[in-house]
Amino acid sequence: MELKKTTLEKVEELIARYPALAVCRADLRAAVEAICASYHEGHKLLVCGNGGSASDSEHIVGELMKGFLLPRRLGEKERQAFAATCPDAADYLLENLQGTLPAISLVNSVGLGTAFANDQAPDLVFAQQVFGLGQAGDVLIGISTSGNSGNVIYALDVARAKGLRTVALTGETGGRIAAEHRAETVVRVPSRETFKIQEYHLPVYHMLCIAAENEFFGA
């Protein structure tokens with residue numbers, strides 16, 4: 001499947017702003033291609049991480065599930081459906097709802113997470129959700145600054161077993177995720193200090209969201 005030229009150009013725009021990320025060019029392009037291919041096939045994105053990376057997981061979902069940089073106006077299909085089912089609210093819904101790129105953060109299921117951690121295995125909380133929610137063709141983004149987060153690694157393992165596409169965001173070494181090939185695409189940003197890795201992760205995942213939005217809602 002060939003993506004819009006402007007979609008992959010978002011990688012180059014990112015590198016122009018952050019030249020140090022040029023070392024990640026191939027993996028950044030692979031991540032964009034995996035995410036867009038999944039959405040083209042009607043699938044969804046899952047994302048997980050710990051601490052600051054948990055916040056990043058929520059951030060990614062927020063950019064995908066609503067408008068980010070582009071308007072995402074609903075179309076005639078939605079207008080007709082709302083007019084048929086809820087005519088009194090149709091105009092309000094059409095004016096305020098936005099087109100979406102389906103995404104789920106695995107860090108905010110507090111009830112399930114605490115129950116599973118207490119009853120079964122705390123390091124498999126993300127893996128359990130991937131097992132239950134993930135479908136072949138979906139994408140899992142696992143965020144780990146060290147590349148060694150056990151719960152993220154287990155989630156990536158289950159994702160690969162179920163046929164999901166897997167993308168990891170790590171630091172320069174890639175840790176176990178890179179060394180043991182636990183993800184198909186590993187974006188290793190050029191730092192070994194946690195806070196600097198996180199500073200790189202933000203523009204990286206912003207770019208991934210911008211590229212996906214461009215692919216489906218851009219001109």
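1. Helix α1 passes helix α2 in a right-handed crossing. The two helices pack at an angle of about 145°, and their axes are 10 Å apart. On the α1 side the contact is made by T7, L8, V11, E12, L14 and I15, and on the α2 side by R25, L28, R29, V32, E33 and C36. Sorted by class, this contact of α1 with α2 has seven nonpolar, one polar and four charged residues. Please bear in mind here and below that the model is predicted.

2. E12, which is placed in helix α1, counts as partly exposed at 33% relative accessibility. Is K10 buried or exposed? Its relative accessible area is 17%, and because the cut-off for buried is under 20%, K10 is classed as buried. Leaving aside residues up to four places away in sequence, K10 touches M207, I210, A211 and N214.

3. Helix α2 (residues 25-40) also packs with helix α10 (residues 194-217), at an angle of about 40° and with the axes 10 Å apart. The pair α2 and α10 is therefore oblique, and the crossing of these two helices is right-handed. From α2, the residues L28, A31, V32, I35, C36, Y39 and H40 meet V204, M207, L208, A211, A212, E215 and F216 of α10. By class, 12 nonpolar, one polar and one charged residues make up the contact of α2 with α10.

4. How do helix α3 and α10 pack, and at what angle? Helix α3 (residues 52-64) packs with α10 at about 20°, their axes being 10 Å apart. Angles under 35 degrees count as roughly parallel, and α3 and α10 are therefore described in that way, as roughly parallel to each other. Their crossing is right-handed. The contributing residues are G52, S53, D56, H59, I60, E63 and L64 of α3, together with Q198, H201, L202, Y205, H206, C209 and A212 of α10. The class count for the contact of α3 with α10 is six nonpolar, six polar and two charged residues.

5. Helix α7 (residues 125-133) has V125, F126, A127, Q129 and V130 as buried residues. Which elements do the buried residues of α7 pack against? The partners are β1 (45-49), α6 (110-119), β3 (139-143) and α8 (150-161).

6. S144 is found in the loop between β3 and α8. With a relative accessible area of 2%, S144 is buried. Apart from residues up to four places away in sequence, S144 touches S149, L169, T170, G171 and I177. S109 lies 35 residues from S144 in sequence, and the C-alpha to C-alpha distance between S144 and S109 is 19 Å.

7. On the cysteines, how many disulfides does the structure hold? The count is zero. C24 is in no disulfide, and the nearest cysteine sulfur, that of C209, is 17 Å away. C24 counts as buried, at 1% relative accessibility. C86, by its relative accessible area of 25%, is partly exposed.

8. H181 is not a glycine, yet its phi is positive, at about 55°. Most residues other than glycine have a negative phi. The residue H181 counts as exposed, at 62% relative accessibility. When the coordinates are inspected, the phi of H181 may be looked at together with its exposed setting.

Key. Residues numbered from 1 in each chain as written. Predicted model: local features only at pLDDT ≥ 70, side-chain atom pairs only at ≥ 80, totals over all residues. Heavy atoms only, no water. Axes fitted to C-alpha atoms, helices over the stretch in contact; angles between N-to-C directions. Helix = DSSP H or I, 4+ residues; strand = E, 2+ residues; numbered from the N terminus. Parallel < 35°, antiparallel > 145°, perpendicular 65-115°, else oblique. Left-handed = near helix turned anticlockwise from the far one by under 90°. Contact = heavy atoms within 4.5 Å. Nonpolar A, V, L, I, M, F, W, Y, C, P; charged D, E, K, R; others polar. Disulfide = S-S within 2.5 Å. Buried < 20%, exposed > 50% of the residue type's maximum accessible area, 1.4 Å probe, protein only.
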